[in-house]
Amino acid sequence: MPAHSPKSRNREREPKSGSGGRLDFLVLSRPPALLQRAASEPPSPRHRAVQQLEGAGSALRRDSGSSSGCPPPDEDCMKLNPSLLGIALRSLLAIDLWLSKRLGVCAAEDSAWGSARPIMKLIEVSGHGIPWIGGTLYCLYKSDSIAGQEVLLNLLLALILDIVLVGIVKSLVRRRRPTHNKMDMFATFSVDRYSFPSGHATRAALGGRFFLNHLVLAVPLRILVVLWVCIVGLSRVMLGRHNVTDVVCGFIMGYLQYSLVEYMWLSSNNLQTFLRLWGLK
């Protein structure tokens with residue numbers, strides 16, 4: 001049998017033509033055996049990480065597409081038409097800060113009225129709660145009349161009520177003191193770093209109304225009491241301790257506190273019971 005020539009061997013290696021006289025080629029990047037083995041093997045950690053990232057991206061795109069038709073929440077929308085009340089409150093706050101800054105003429109030694117700062121600090125001490133409570137306790141201990149003891153006991157309870165209510169309101173509102181304030185106040189507590197309302201103003205209004213209604217005073221002394229109440233409130237702004245609205249609201253709060261004390265007034269009989277409970281009698 002004759003050996004095949006090289007030309008005939010080349011023709012045998014050529015693929016047979018398909019229908020239409022064209023050659024069909026199968027182009028594979030990897031051999032079929034390797035493809036089958038790769039499909040049967042589990043995916044590598046890197047491949048799983050890529051799949052997870054692709055799944056998270058597709059889920060995020062679906063969520064963004066589904067939420068694009070929903071309107072944004074109200075808190076995310078800019079209020080282009082503020083209410084008249086909001087404008088009025090912002091204007092009042094701006095005027096309050098400006099006026100308090102202008103009236104703080106004794107806030108520091110180098111201020112316009114810095115030389116009057118020691119006098120203002122003396123007025124500040126006159127409206128502090130510790131001298132008031134200490135003086136009331138001393139007068140109550142030295143008093144011999146039942147009527148005087150009744151008035152002093154109710155004054156003591158009013159002062160305690162004032163301290164409690166002012167502390168609660170300050171801790172709830174948490175308004176900071178003016179920026180030009182110098183924190184050198186007499187006997188401060190934790191809530192004294194807050195500004196609203198002015199405790200000196202509430203105490204001055206409460207004590208002034210108490211004296212005018214329960215002490216027999218001549219007309220000049222009654223005028224002095226009213227002037228002292230006004231000077232205490234003014235000194236809080238001049239020292240930079242409070243804003244104007246802190247003092248005004250403090251006056252209103254102290255006036256209302258006295259009405260509450262009058263409603264809860266303790267009589268002389270209750271006073272005797274109170275003294276027996278404390279072993280003072």
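A residue is described here as buried when its relative accessible area is under 20%, as exposed when over 50%, and as partly exposed in between (1.4 Å probe, protein chains only). By that definition Cys106 is buried, because its relative accessible area is 0%. The structure is a predicted model in which local features need pLDDT of at least 70 and side-chain atom pairs count only at pLDDT 80 or more, while totals for chains, interfaces and linings use all residues. Residues are numbered from 1 along each chain as its sequence is written, and side-chain values use heavy atoms, with hydrogens and water left out.

**Overall architecture and confidence**

- The protein holds 11 helices and 0 strands, where helices (H or I, at least four residues) and strands (E, at least two) are DSSP runs numbered from the N terminus.
- Along the sequence the pattern reads α-α-α-α-α-α-α-α-α-α-α.
- Of the 281 residues in the protein, 28% are buried.
- The protein exposes about 19,500 Å², of which carbon and sulfur atoms supply 66%; accessible areas come from the Shrake-Rupley method with a 1.4 Å probe, and for residues only the protein chains shown count as cover.
- A contact is defined as heavy atoms within 4.5 Å. Among contacts between residues at least 6 apart in sequence, 72% join residues at least 24 apart.
- The average pLDDT, the predictor's confidence in each residue from 0 to 100, is 77 for the protein, and 68% of the residues score at least 70.
- Over residues 1–30 pLDDT stays under 50, and the model has 8 contacts beyond four places in sequence for this segment.

**Helix H5 and its buried face**

- Arg117, Met120, Ile123 and Glu124 are the buried residues of H5. Seen down the helix axis, these residues fall within an arc of 115°, so they line one face of H5; the arc is that of the directions from the helix axis to the C-beta atoms.
- Pro118, Ile119 and Leu122 are exposed on the other side of H5.
- The cover over the buried residues of H5 includes H8 and H9.
- Met120 lies in H5, which spans residues 117–126, and counts as buried because its relative accessibility is 13%.
- Beyond its neighbours within four places in sequence, Met120 contacts Cys106, Ser235, Met238 and Leu239.
- The C-alpha atoms of Met120 and Ile231 are 9.0 Å apart, although the two residues are separated by 111 places in sequence.
- Arg117 is likewise in H5 and is buried, with a relative accessible area of 2%.
- The contacts of Arg117, leaving aside neighbours within four places in sequence, are Cys106, Ala107, Ala108, Glu109, Lys182, Asp184, Leu239 and Arg241.

**Salt bridges**

- Side chains of opposite charge can pair when their charged atoms come close. A salt bridge is counted when a side-chain nitrogen of Lys or Arg is within 4 Å of a carboxyl oxygen of Asp or Glu, and the structure holds 11 of them.
- Arg175 and Asp96 form a salt bridge whose closest N and O atoms are 2.9 Å apart. This pair links distant parts of the chain, 79 residues apart: Arg175 is in the loop between helix H7 (146–173) and helix H8 (199–214), and Asp96 is in helix H4 (residues 84–103).
- Arg175 is buried at 18% relative accessibility, and Asp96 is buried at 5%.
- Asp184 forms a salt bridge with Lys121, with the closest N and O atoms 3.3 Å apart. The two residues are 63 residues apart, Asp184 in the loop between H7 and H8 and Lys121 in helix H5.
- Asp184 is partly exposed at 23% relative accessibility, and Lys121 is partly exposed at 25%.
- Arg241 and Asp184 meet in a salt bridge at 2.9 Å, N to O. Arg241 belongs to the loop between helix H9 (219–238) and helix H10 (244–263), 57 residues from Asp184.
- Arg241 counts as buried, at 0% relative accessibility.
- A network of salt bridges links Glu109, Arg117, Lys121, Glu124, Lys182, Asp184, Arg236 and Arg241.

**Cysteines**

- The count of disulfides, defined as pairs of cysteine sulfur atoms within 2.5 Å, comes to 0.
- Cys106 is buried at 0% relative accessible area, whereas Cys230 is partly exposed at 45% relative accessibility.
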